Amino acid sequence: MKSRRISAVALVVTASLAVAACGSSSSSSGGGSPSGASSTSVSPATINGAGSTLAAPIYQQWASSLKSQGLTVNYNPVGSGAGVADLAGATVDFAGSDPALKPADTAKLKGPVIQLPVAFGAITVSYNLPGVKSGLKLDGPTVADIFLGKITSWDNLAIKALNPGISLPSTAITVVHRSDSSGTTSGFTTYLSDVSPTWKAQVGKGKDVKWPVGTGAAKNSGVAAAVKQTPGAVGYVEQAYALENNFTYAAVKNSAGTYVLPSIQNTSAAANGITVPPDLGISTINSPNAGAYPIVSQTFLDAYKDPCKDGGASQSVAKGIKSFLSYAIGAGQQTLGAGGNQLPYAPLPSSLQSKDNAALAGMTCNGATL
Amino acid sequence: MEAGASTVTGGRSLIEPSPAARLPDQVLRWGLLGLAGAILVLIAYFFIRLIGQSGTALDHFGLSFVFGNNWDVSRDIYHGAPLVVGTLITSAIALLIGVPVAVATAIYLTELCPRRLRQPLSMLVDLLAAVPSVVYGLWGVFVLAPKLVPAEKWFAKTFSFIPFIGGGASSVTPTNYFIAGLILAIMILPIVSAIAREVIATVPADNKEAALALGATRWEMIRMAVLPYARPGITGGAMLGLGRALGETIAVVVVIGDAPAIGHHLFNQGYTLASVIANEFGEATGIHRSALFAAGLVLFVLTLIVNIIARGFVARGHRARVPRR
Amino acid sequence: MSAAERIQALAPVSGRRRYTDTMMRGLLLAATIVALIPLVLVIYYLIKRGVGSWGGSFFTSDPNGNFFGNPGGIRSALLGSLEIVGLATLIAIPIGVGVALYLTEYGKQSLFANVVRYFVDVMTGVPSIVFGLFIFIVLVLAHVGGNFTAWKGSVALSLLMLPIVVRSAEVVLLLVPSELREAALALGAPRWRVVFRVVLPTALPGLVTGSLLAIARGMGETAPLLFTTAGAFGLTFSLSQQMNALPLQIYNDILSPRNVVVDRAWGAALALVTLVLILNVVARVASQRSRMA
């Protein structure tokens, strides 16, 4: 037990030194350089948020960085829908949501809302096939057929046709899906609805759908664990989980016809060239960009345009919200990317960043600009 | 010192307390009564709120909320038969596995165990109740479920001719009704065992010695004298265990697979009333939220019924035990 | 030789009956061992997976949410649990003992008292998550004194702990010999004096035991806190803010993509189980002692 304790302490000390070393060197990759209003000073306050689990690691890291400056951010990863519901009930100051707000959502909110896309995460099609390495080629209709239960074994002709050079075992396919409501499910089923009319008609898209086949697991970690434990399993897992656990995942055919792996670079590419509606409610699923991975989920931070009036926040809390959002689309972007000490998400392209800044400038407290 | 009317006590009897002294007594009495009444008011308010929130869903779906088989969140259809069936199946498994083991443990600890070991072993069995439900759930899903899959596959294959229990190896998923029921059995074991132990300990020594005097072996004595006498009390204890099994949330939600359909086999995934609330409440709005409250209401009513039955059994056993003089 | 043994010496038992007897005794022993296996397995697994995290600053640092490097310890969760359950105890114990006092001293077997008893029993069977939802609707959504706050979690937990306190207190109060009460009353003591000076002090050890059991239950519950306290990473002592708690920390950590954070979840689970087991053992040993005294 004592030697374990010593090695644990050693690990902690080494890790702290490593973080200190990494933190002091600046790194930038991907995205655009922070432009516009990224204030270096932060308003001290305590603000509470809830929502997307895809983005939870990002917000928790940002919260950790901001704590030393006096801004305490508590984020509860309860899922995109729950976060928006909490915002509608004004029990949180901001919500994290993967899908953009629909009219049904905005109707329940207490007032106009600022919706800021802040990052992008790829949804991998991860599989557990002993002997078959990462990069199995799959196209949209094939993925849909697997999840519809039409393709039941890995040596099915459709999969074979896409992967002529690989010898596929005759293992049965076990589909793993989310059993809880999830923005990740929303992104994945939006993609499937786009590429397969059968899927669109039979199942549809949403945070919680009636899966035709497969076993359910709770949260990304549940799906990840289930895929890991079952040979022949296939499931949709966020990039961060897939990379952390060294999963094998498929190269999916995008709308331009190329088979693309879910790397950070290909995730960033999905954000380029998409149409941006006036409320910034973008969708990066099936992006038209040639180098883009087709199943990329955007994630938003939502807050009331006037948190004091609609969200019951005090002036200092409203300032804190603005500080946090400002950091999120400014200095915080540098923490995202493919670098060794960056979180494995794609940051905002500069075009989107300037739009975000413009929208954030409109935040008021009881009518007065913050 | 004379009793009776006296000028010292102002015309009162010595043993009668003065009106001033009665005040704290009255305060205490009515204060405590108020507290007890507050509990009833709280439960009534809770019940009313629950009914109020479930009203929309129950109005909309009526009886098919309980008997219809289609829980579809994306289409806002809430027919909860899979939930009710799942709750009943897992609770039944919990009772089938948990009660016999609990009663056997109770018998062993009260009748057969060496005296010195009785206290420590009883305490160990009671400690099963001390493990938080989230820990049971995590251990169940990370350790127990994967380890049991081969055994479950063998079982399903060997007994595939029996409906529901069998079904072939392909029907087995790591998270399923069986493991949920098993975890529940572990969780209700301490309650049922503790009550059974109390009840068995009250079996009059006369009954036991009479059986032994007739030449019965130890086991026969237990079978003839102890069990029949203790049966009502034990049944009451089993019902209380059932109440716990019906309502257990966190441990079940991680091991049952949360599939909103009626699983056809023992080793299929399923759903329970308590789990659906835990999973879906966070973001439910409108009729979805109302449906979840309705699920809570159904659960509450089930608990009420089970408790009435349990009290009936325990009272009956009590009446049988205490002879009228 | 006892009577039973003497009689058994007279009438020899047939081989088949002796066989059944031995078989059944073996079976009952086996059942007891089977009952204890899960406890052993769970604790063993927790130690195996959790004790590795127990080094260094595990108990002295807060979880920090860093994606790289040291994810921090469980200090805010531990202290938060103690604070939230502490407040819940302050609510549940006086009310619970008060109700039990009413049932034993005044209500006895009246219809009203029996109805109260029945509903207290029903409260034990209500799923813990339903208490959390009730407080969510009544306090959180209504924005009573803030949104998600620690004290609302305490209120939800106290609802859970109340029936345990009432039931165990009633049992203990009934054990106070009526002679003591009657002697005090005969000496002219008013009712309230009897309760506070005679009954409660006599029952105190048992009341403490019951309270410890209720506290142990409260510390282990997750569901009531999910919709009332919502969790936080940083250390805060303010009950009107979101606060961390061990079950919440475990629930969130177990979902993390980082393996070191999942390990922290197991370390926290081990800490929680250790705390709860200690409370339980202390409570039961104390109750044995007070019964023997």
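This report describes the chains of a predicted model, their contacts and some of their strands and helices.

Residues are numbered from 1 along each chain as its sequence is written, and chains are lettered from A and ligands numbered from 1 in the order in which they are written. Because the model is predicted, local features need a pLDDT of at least 70 and side-chain atom pairs count only at pLDDT 80 or more, while totals for chains, interfaces and linings use all residues.

## Chain A: confidence

The average pLDDT (the predictor's confidence in each residue, from 0 to 100) of chain A is 85, and 89% of the residues score at least 70. In residues 1-39 of chain A the pLDDT is below 50, and this stretch has 62 contacts in the model beyond near neighbours in sequence. Two residues are in contact if their C-beta atoms, placed from the backbone, lie within 7 Å. Where pLDDT is low, the predicted coordinates should not be read in detail.

## Chain A: strands

Helices (H or I, at least four residues) and strands (E, at least two) are DSSP runs, numbered from the N terminus. Two strands pair if DSSP finds at least two bridges between them.

A residue is buried if 20 or more other C-beta atoms lie within 10 Å of its own, exposed if 12 or fewer, and partly exposed in between, with C-beta atoms placed from the backbone.

| Partner of E4(A) | Residues | Bridges | Sense |
|---|---|---|---|
| E12(A) | residues 296-304 | nine bridges | antiparallel |
| E8(A) | residues 233-238 | five bridges | antiparallel |
| E9(A) | residues 248-249 | two bridges | antiparallel |

A:Pro117 has A:Phe300 in E12(A) as its bridge partner. For A:Thr124, the bridge partner is A:Val237 in E8(A), and A:Ser126 stands opposite A:Tyr249 in E9(A).

Chain A also has an open sheet of three strands in the order E5-E10-E11, with mixed pairing. Strands E5 (137-138) and E11 (259-260) of chain A are at the edges with a single partner strand each, so one side of each has no neighbour in the sheet. Strand E10 (residues 251-253) of chain A runs antiparallel to E11(A), and two bridges join them. Here A:Val252 stands opposite A:Val260 in E11(A).

A:Thr46 is in strand E1 (residues 45-51) of chain A. With 19 other C-beta atoms within 10 Å, A:Thr46 is partly exposed. Leaving aside residues up to four places away in sequence, A:Thr46 touches A:Thr72 and C:Gln241.

The contact between chain A and chain B takes 18 residues from chain A and 16 residues from chain B. On the side of chain A, helix H3 (80-88) and strand E7 (215-217) each supply at least two residues, and H3(A) gives the largest share, three residues. By class, this side of chain A has five nonpolar, nine polar and four charged residues. Ala, Val, Leu, Ile, Met, Phe, Trp, Tyr, Cys and Pro count as nonpolar, Asp, Glu, Lys and Arg as charged, and the others, Gly among them, as polar.

Between chain B and chain C, 68 residues of chain B are in contact with 71 residues of chain C. Helix H1 (residues 19-61) of chain B gives the most to the side of chain B, with 15 residues. That side of chain B divides into 47 nonpolar, twelve polar and nine charged residues.

## Chain C

Chain C has eleven helices and zero strands. Its radius of gyration, taken over C-alpha atoms, is 25 Å, well over the 19 Å that the globule rule gives for 293 residues, so chain C is more spread out than a compact globule. The globule rule is 2.2 Å times the number of residues to the power 0.38. Along the principal axes, the C-alpha atoms of chain C fill a box of roughly 80 × 65 × 30 Å. Of the 293 residues in chain C, 53% are buried. In helix H10 (residues 246-253) of chain C, eight of the eight residues are buried, among them C:Leu246 and C:Tyr251.

Chain C is divided into domain 1 (17-53) and domain 2 (75-292), with bounds from an automatic or database domain assignment. The C-alpha centres of these domains of chain C lie 30 Å apart, and their contact takes seven residues from domain 1 and seven residues from domain 2.
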